[in-house]
Amino acid sequence: MASPSKAGAALAALREELVGDVFAPSDAGYDEARTVFNAMIDKRPAVIAQCVNEDDVLRAVRFGRDLDLNIAVRGGGHSVAGSAVNDNGLVIDLRHMRAVSVDPAAEAVRIAGGATMSDLDRACQPYGLATTGGRASTTGVGGFVLGGGTGWLDRRFGLAVDNLLGVELVTADGERVHASADENPELFWGLHGGGGNFGVATALTLKLHPLPDFSIALLLYPPERGREVARTYRELIHTGPDEASGGVLYLAGPPEEFVPPHLVGSLLCAALLTYAGPEEDLRKLAEPLLALPHESELVGAMPYADVQCMIDDPPGMRNYWSAEFLTAAPDEYLDVFCAGGEALPPGGTIHVLFPQGGAIAAGPHEYPVPYRDAPWAVHPFAIWEDPADDERCVQWVRDVRAGARPYSTGAVYLNFIGDEGADRVEAGLGAENTRRLAALKRRYDPDNVFRFNHNIAPA
């Protein structure tokens with residue numbers, strides 16, 4: 001580590017040179033700047049550099065390297081694992097870098113590294129264009145895409161990385177690098193699932209698709225109907241088109257307009273059917289779900305960007321997430337899934353089974369996203385407020401995983417999990433891919449500067 005005098009001089013220079021703000025522990029605003037989405041994470045960085053452009057990112061990386069500081073990168077979104085911050089190191093905060101530029105003629109969009117899904121979706125919507133995004137408007141685009149990217153549109157348009165056209169990166173050496181199919185193609189390959197291991201993504205370019213219509217059916221059922229709902233939804237997806245997605249969920253009724261007041265806070269089973277097309281086609285597809293006795297329904301055309309806001313997770317709650325990707329969803333597993341839903345812990349916890357297939361399975365298999373072939377995934381994400389519930393909620397997530405394991409492919413989507421060890425990182429990349437990624441890491445980040453992530457050790 002640098003001497004106090006060198007560190008002090010370097011910090012003063014960074015404050016002077018950075019267009020954005022710089023926070024140290026004694027500064028007003030520091031506590032707000034270090035707070036992340038997951039209230040279980042309480043880290044105290046030595047310096048937070050809130051960058052506003054690529055030059056700021058370059059300066060911040062060089063500052064961190066000069067002082068031999070650990071460097072964490074904070075994109076626009078959740079970082080539920082807490083990897084966006086660290087103790088006694090540098091945080092490069094991209095949240096002020098949110099510009100989105102749509103090229104409707106080229107059906108492409110350039111997104112700055114700190115943009116959220118809402119920034120992306122709202123910019124594209126006036127053109128009737130969209131690309132696969134996360135299932136919440138508060139998801140950060142950069143981490144989402146580089147981690148693979150699954151959402152309501154993936155069965156129709158593929159995973160987010162299948163739509164990746166280019167990445168602008170600042171490397172551990174403080175250099176600018178552009179990666180695309182034609183430029184640094186091996187690095188471009190590694191960015192299809194390898195996350196933030198190779199540098200700071202200051203901008204991404206994604207392919208867009210026409211999406212003139214979008215519609216949904218959200219139906220709420222008493223929990224004892226769960227098994228019937230899950231089976232009906234499974235068959236609907238098996239016979240339905242790639243435009244159809246969504247999931248079966250267990251949740252406590254949220255205080256929303258579509259939830260009858262007497263059901264707010266009560267355990268419910270829900271079927272969400274999203275449809276990349278017009279309402280009339282959705283209604284026909286949803287007939288089997290509508291025929292089941294239900295407590296409420298919300299059916300109709302809705303702008304895609306609005307749907308993205310429907311299950312936004314509130315910040316400031318305690319979070320613990322995980323996932324398993326399944327070889328199939330037979331009746332016996334649906335019984336296990338529903339039993340997990342009936343044991344839902346308190347708070348805003350959601351238990352969801354969602355479909356893959358379609359363009360996901362048909363997409364390019366050369367990328368490090370080994371969960372592509374799984375037809376179903378279960379995603380328990382516990383959300384609660386009281387630290388006294390930590391053990392109960394974490395254990396529930398682990399129990400859901402244990403129940404799914406006999407049906408699991410063994411692969412996992414890393415954006416859905418926290419720190420579950422090196423074996424799970426390899427499960428999220430594939431064993432052969434992990435070796436190739438480790439060689440790429442050695443080339444671009446031999447000192448493992450970017451280690452606050454689902455880390456790939458250089459080899």
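Mentor: Before we begin, a helix here is a DSSP run of H or I that is at least four residues long, with helices numbered from the N terminus. Keep in mind throughout that this is a predicted model.

Trainee: Which residues of helix α14 are buried, and against which elements do the buried residues of α14 pack?

Mentor: A residue counts as buried when its relative accessible area is under 20%. In helix α14, which spans residues 422-429, Arg-424, Val-425, Ala-427, Gly-428 and Leu-429 are buried. The buried residues of α14 pack against strand β17 (324-326) and against the helices α13 (390-404) and α15 (431-444).

Trainee: An arginine stands in that list of buried residues. With which side chain does Arg-424 meet in a salt bridge?

Mentor: Start from the general idea, which is that side chains of opposite charge can pair when their charged atoms come close. Here the side chain of Arg-424 meets that of Glu-324 in a salt bridge, at 3.5 Å from N to O. Because Glu-324 lies in strand β17 and Arg-424 in helix α14, the pair ties together parts that are 100 residues apart in sequence. Glu-324 has a relative accessibility of 3% and therefore counts as buried, and Arg-424, at 8%, counts as buried as well.

Trainee: How many salt bridges does the count come to, and which residues are linked in a network of salt bridges?

Mentor: The count comes to 31 salt bridges. A network of salt bridges links Arg-227, Arg-231, Arg-234, Glu-235, Asp-331, Asp-335 and Glu-342. Within that list, take Asp-335 and Arg-231, whose side chains meet in a salt bridge at 3.0 Å from N to O. This pair links distant parts of the chain, since Asp-335 belongs to helix α11 (residues 331-342) and Arg-231 to helix α8 (residues 226-239), 104 residues apart. Asp-335 is partly exposed, with a relative accessible area of 30%, and Arg-231 is likewise partly exposed, with a value of 23%.

Trainee: Let us turn to strands. In what order do the five strands of the open sheet come, and which are the edge strands?

Mentor: The open sheet has the order β5-β6-β10-β8-β9, and the pairing is antiparallel. The edge strands, each of which pairs on one side only, are β5 (100-103) and β9 (176-180). From one strand to the next, the twist averages 15°. Inside this sheet, β8 (residues 164-170) and β10 (residues 200-207) run antiparallel and are joined by six bridges, and Leu-204 in β10 is the bridge partner of Val-167.

Trainee: Which helices lie across these strands?

Mentor: Helix α3 (residues 54-66) lies across β8, β9 and β10 and runs at about 50° to β8. Helix α4 (residues 117-124) lies across β5, β6 (108-112) and β10, at about 35° to β5.

Trainee: Which residues of strand β4 are buried on one side and which on the other?

Mentor: Strand β4 (residues 90-93) has both faces covered, with Leu-90 and Ile-92 buried on one side and Val-91 and Asp-93 buried on the other. Strand β2 (residues 47-50) pairs with β4 in the parallel sense over four bridges, and four bridges also join β3 (residues 71-74) to β4, again running parallel. Asp-93 is the bridge partner of Gln-50, and Arg-74 stands opposite Asp-93.

Trainee: Finally, how many residues does the largest nonpolar core have?

Mentor: In soluble globular proteins, nonpolar side chains tend to be buried together. In this model the largest nonpolar core has 79 residues, and those with the most contacts inside it are Val-145, Leu-187 and Phe-214. Leaving aside residues up to four places away in sequence, Phe-214 touches, among others, Trp-152, Leu-153, Tyr-275, Met-302, Tyr-304 and Val-307. A second, separate core has 40 residues, including Tyr-221, Ala-244, Val-248 and Val-378.

Definitions and conventions:
Residues are numbered from 1 along each chain as its sequence is written. This is a predicted model: local features need pLDDT of at least 70, side-chain atom pairs count only at pLDDT 80 or more; totals for chains, interfaces and linings use all residues. Side-chain values use heavy atoms; hydrogens and water are left out. Buried means under 20% relative accessible area, exposed over 50%, partly exposed in between (1.4 Å probe, protein chains only). Helices (H or I, at least four residues) and strands (E, at least two) are DSSP runs, numbered from the N terminus. Contact means heavy atoms within 4.5 Å. Two strands pair if DSSP finds at least two bridges between them. Axes are lines fitted to C-alpha atoms, for helices over the stretch in contact, and angles run from 0 to 180 degrees between N-to-C directions. A nonpolar core is a set of buried Ala, Val, Leu, Ile, Met, Phe, Trp, Tyr and Cys residues joined through side-chain atoms within 4.5 Å. A salt bridge is a side-chain nitrogen of Lys or Arg within 4 Å of a carboxyl oxygen of Asp or Glu.
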